[in-house]
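Look over the structure below, then read on.

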Amino acid sequence: MKYRKILLPVLLAGFLFASCGEGKPVSRTGFQLDTVVTVTVYEPEQEPLLHDCMKLCEEYERKFSRTLPESEISRLNSGELADEAGYAALSEETVELLSEGRHYSELSDGAFDLTIGAVTPLWNFTSEPHEVPDAAAVEAAVSRVGWEKTEISGQKFLLPSGMAIDCGAIAKGYIADRIKDYLKAEGVERALINLGGNVLCIGSRSAQRPFRVGVRRPFGGADDSVLTLEITDQSVVTSGIYERCFTKNGEFYHHILDPSTGFPTQSDLSAVTVISDTSVQGDALSTACMVLGLEKGMALIDSLPDVDAIFIERDGTLHFSADFSVKYELVPEKNSSEAGL
Ligand code: AMP
Ligand code: MG
């Protein structure tokens, strides 16, 4: 069980296949942001930058964590940063993250809601024992969810008393983008940033080869993917019901919550993978689409320029967004005879 916490995000969130090519990869892996983080560069002299990338993760976690009591988000949620009018002065990065959160909350019509933090502490998807929270407590918490009641004014954020922010569905994407900015500013032209399966590429694997990024088969084994994507300079983020979940009294519960009920979304999907230029966009949209379901989620993706997505229904059916522009290769499902059973 001890290893589950470390292995789960790696196994569950999609994985990479680095194809052979030029430049010997140099990687650093750490347990950060409650998940496994790996950054890979392709020039040996760039290795010292990897240490800085891990430091960046640490710094952002100290700002954005909902569970570290001293983080800026925790202090915003507790109300201790609020002035008399209720506005909290925050760092530039936190305001930027919250502004992204508000944007995607609005764009998804509240399917993604950055104020889901009133509800998330009632659930525990990460460790035993798993308990289903009391329905009345969930209902009471849902009445304190509603991104429209928040406001940004300059460097200040208004969070009405009793409400709480949870950036869990966008923070990794935002941080991956910042790491990419940092590495590019340092002259890095090829790199792979993998924050618990949120994969962001800088350039390509080599002059001839794109990066190959696997999309995990929902509920499949660690190395079981439905397809591999050829990616250059873009982000690939998957949100799935198999990532943090449990079964209790025969009922399946997972960590993507419907902000209107406070319970796991009942949509027809088991996973959504978004391919986009920025990782914050992919992170927010993949979570939002899981809540919106196939029809509305796909309509949202198709309304946006330069965003591709793959939706996987609970029965395993794959759906690609209109004009899907990313090259990919399907991976046949291992049947029982191939698996030697
Ligand atoms: P992701 O893995 O990116 O889909 O993010 C899931 C995490 O985001 C959960 O563990 C919660 O912390 C949070 N979350 C769950 N449901 C929602 C939602 N509807 N809107 C925003 N955040 C959510
Ligand atoms: Mg997300």
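## Strands, sheets and helices

Strand β8 (residues 198-202) and β11 run antiparallel and are joined by two bridges. Helices (H or I, at least four residues) and strands (E, at least two) are DSSP runs, numbered from the N terminus. Two strands pair if DSSP finds at least two bridges between them. In this pair, L200 stands opposite S235 in β11.

The model is predicted, so local features need pLDDT of at least 70 and side-chain atom pairs count only at pLDDT 80 or more, while totals for chains, interfaces and linings use all residues. Residues are numbered from 1 along each chain as its sequence is written, chains are lettered from A and ligands numbered from 1 in the order in which they are written, and side-chain values use heavy atoms, with hydrogens and water left out.

**The eight-strand sheet**

Strands β8 and β11 belong to an open sheet of eight strands, in the order β2-β3-β7-β8-β11-β14-β15-β16. The pairing is antiparallel. At the edges stand β2 (26-32) and β16 (318-320). Each has a single partner strand, so one side of each is left without a neighbour in the sheet. Neighbouring strands are turned by 10° against each other on average, direction ignored. Axes are lines fitted to C-alpha atoms, for helices over the stretch in contact, and angles run from 0 to 180 degrees between N-to-C directions.

Is β11 enclosed or left open by the rest of the structure? Six of the six residues of β11 (residues 235-240) are buried, so the strand is largely enclosed. Buried means under 20% relative accessible area, exposed over 50%, partly exposed in between (1.4 Å probe, protein chains only). Both faces are covered. S235, V237 and S239 are buried on one side, and V236, T238 and G240 on the other. In a regular strand the side chains alternate between the two faces of the sheet.

| Strand pair | Bridges | Residues opposite each other |
|---|---|---|
| β11 and β14 (residues 269-276) | six | V236 and I275 |
| β3 (residues 35-41) and β7 (residues 191-195) | five | V39 and I193 |
| β4 and β6 (residues 156-158) | three | A88 and F157 |

Helix α2 (residues 47-64) lies across β2, β3 and β7, running at about 20° to β2. Helix α7 (residues 279-302) packs on the sheet, touching β8, β11, β14, β15 (308-313) and β16. Its direction makes about 130° with that of β14. Contact means heavy atoms within 4.5 Å.

**The three-strand sheet**

Three strands form an open sheet in the order β4-β6-β5, with antiparallel pairing. Here β4 (87-89) and β5 (151-153) stand at the edges. Each has a single partner strand, so one side of each lacks a neighbour in the sheet. The twist averages 25° from one strand to the next.

Helix α4 (residues 92-107) packs on this sheet and touches β5 and β6. Its direction makes about 140° with that of β5.

At what angle do α4 and helix α6 (residues 171-185) pack? The angle is about 125°, with the axes 11 Å apart. That makes α4 oblique to α6. Angles under 35 degrees count as roughly parallel, over 145 as roughly antiparallel, 65 to 115 as roughly perpendicular and the rest as oblique. E93, E96 and L97 in α4 meet A171, Y174 and R178 in α6.
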